[in-house]
Amino acid sequence: QCTLAGMVSPLTQKNAANGIKRICYACAKELEKRPDIVRHLIRTLEGAIETGLQSESRQEIIEGIMRIISRVRDPVLHLNLLTSLLNPGIIRLKEKVYSGNMGSLDEPSIVVINNELISIHTTVRFIEGSKKSEIDNGSASKLFQEIWPIVAAVSSNQGMMQRSEILSTVYSFISAMIVSIPQLTLSHIGNILSASIAQFEQTLSPCCVDCVTKAVEIFSNNKESSELFSQLLCGYTNRVFIAVKHGEQIEPEVVENFFDMLTRYLLFCPALLFRSVAFPTVLEIASYFITIQEAAPARKVLNFLENILKKTHPVAPGQAPRLNFTAQIDAVVENHGANLVQQIIMGLDSASPSVHQSRLQNIYTEMRKHYRVPVEGWTMNALSNLPNVNSTVSEFLSSQ
């Protein structure tokens with residue numbers, strides 16, 4: 001009660017919200033048996049929202065409440081509490097989105113839309129696996145199905161999506177739905193992800209790529225979705241290649257997420273990657289970013305190339321058979337291997353971290369193992385173009 005009293009005043013709301021979250025986490029086992037207290041928390045939250053509760057504090061309280069709700073085993077009570085938490089925000093969201101003037105919303109209205117989407121996103125993130133089947137098959141599905149048209153209306157409004165905070169919130173919400181409630185997402189995801197290509201073309205936003213990455217992992221084994229994921233691979237790859245070709249600034253997070261996405265294709269639907277018309281361009285992009293200096297994206301690039309080369313390995317005795325993509329990889333390496341080798345040597349000659357140096361050496365060694373004769377020629381040509389390579393690199397190349 002003392003902590004809840006702190007929600008009355010804007011001066012104490014931030015600390016009170018953090019305290020509520022901590023109590024909910026610490027006492028979730030006991031509080032799941034007290035739905036009256038959970039309902040009181042929800043009413044307190046709504047009252048604080050009316051007095052201007054900050055979004056960060058609001059999310060802390062929702063996290064705490066969802067920690068309790070996710071433990072409730074009674075499906076009827078679970079749905080009742082979840083509806084009590086979500087419905088007020090859905091109503092506020094509908095009022096703004098369906099107001100008839102989405103193209104000219106004022107700043108307060110945009111803030112409301114963003115805050116409500118963030119709150120629903122937070123709620124979805126805390127739906128635990130044990131509850132997914134109940135939500136997929138039960139009455140709660142209607143609750144979440146009601147949200148999708150609202151999100152679609154926001155995501156199709158170019159004026160709204162030009163605002164980085166709305167763009168990030170929309171795609172973060174979609175990512176959370178993909179991971180937490182995939183069965184309620186599959187029927188809606190096609191149009192939204194197809195539209196994400198245009199959003200990425202305009203913004204080069206990392207949240208778009210991250211959303212596709214989640215979708216590849218969850219849905220790419222669905223045969224009906226193969227055309228969608230082929231389209232996404234080509235669209236995103238083409239945009240990154242254009243940015244590279246024209247010297248556009250690409251944020252390191254975009255590079256990191258892009259190669260994370262490619263690695264998901266490699267792991268979950270390799271045929272879509274290797275048989276795609278975009279695969280040669282993918283290798284060109286990977287060659288270009290070998291020399292990136294930021295550690296996180298560099299790791300993703302190198303990890304992707306290492307995994308590509310592993311696909312050229314023959315199946316060892318006793319291992320399960322797998323699809324063989326050696327022909328596709330060989331054809332692309334034949335056409336783009338010279339540039340890749342030169343970029344590897346440039347990476348070895350740069351001041352990149354030592355762990356990346358060793359991984360570049362491993363990639364070069366693997367390439368030489370599988371493509372010895374052409375790699376020798378490509379190495380000689382690269383060294384003729386890079387006459388000032390340091391002695392350590394020269395010694396490594398000579399030792400192969």
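Reader: By class, how many nonpolar, polar and charged residues are in the lining of the second largest cavity?

Author: That lining has 9 nonpolar residues, no polar ones and no charged ones. Ala, Val, Leu, Ile, Met, Phe, Trp, Tyr, Cys and Pro count as nonpolar, Asp, Glu, Lys and Arg as charged, and the others, Gly among them, as polar. This is a predicted model, where local features need pLDDT of at least 70, side-chain atom pairs count only at pLDDT 80 or more, and totals for chains, interfaces and linings use all residues. Residues are numbered from 1 along each chain as its sequence is written, and side-chain values use heavy atoms, with hydrogens and water left out.

Reader: Which residues line the second largest cavity?

Author: Leu283, Leu305, Ile308, Leu309, Ile329, Val333, Leu340, Ile363 and Met367. A cavity is a set of points on a 1 Å grid over the protein atoms alone where a 1.4 Å probe fits but cannot get out, and lining residues have an atom within 4 Å of a point.

Reader: And the largest cavity, what is its volume?

Author: About 80 Å³, counted as the space filled by probe spheres set on the points, which are joined across faces, edges and corners. Its lining has 6 nonpolar, 3 polar and 4 charged residues.

Reader: New topic. At what angle do the axes of α4 and α6 cross?

Author: The axes of α4 (residues 35-50) and α6 (residues 75-97) cross at roughly 5° and come within 10 Å. The two helices are therefore roughly parallel to each other, a label for angles under 35 degrees. Axes are lines fitted to C-alpha atoms, for helices over the stretch in contact, with angles from 0 to 180 degrees between N-to-C directions. Helices are DSSP runs (H or I, at least four residues), numbered from the N terminus.

Technical notes:
Parallel < 35°, antiparallel > 145°, perpendicular 65-115°, else oblique. 1 Å grid on protein atoms, 1.4 Å probe; cavity = no way out; pocket = protein on both sides within 12 Å on 5 of 7 lines; lining within 4 Å.
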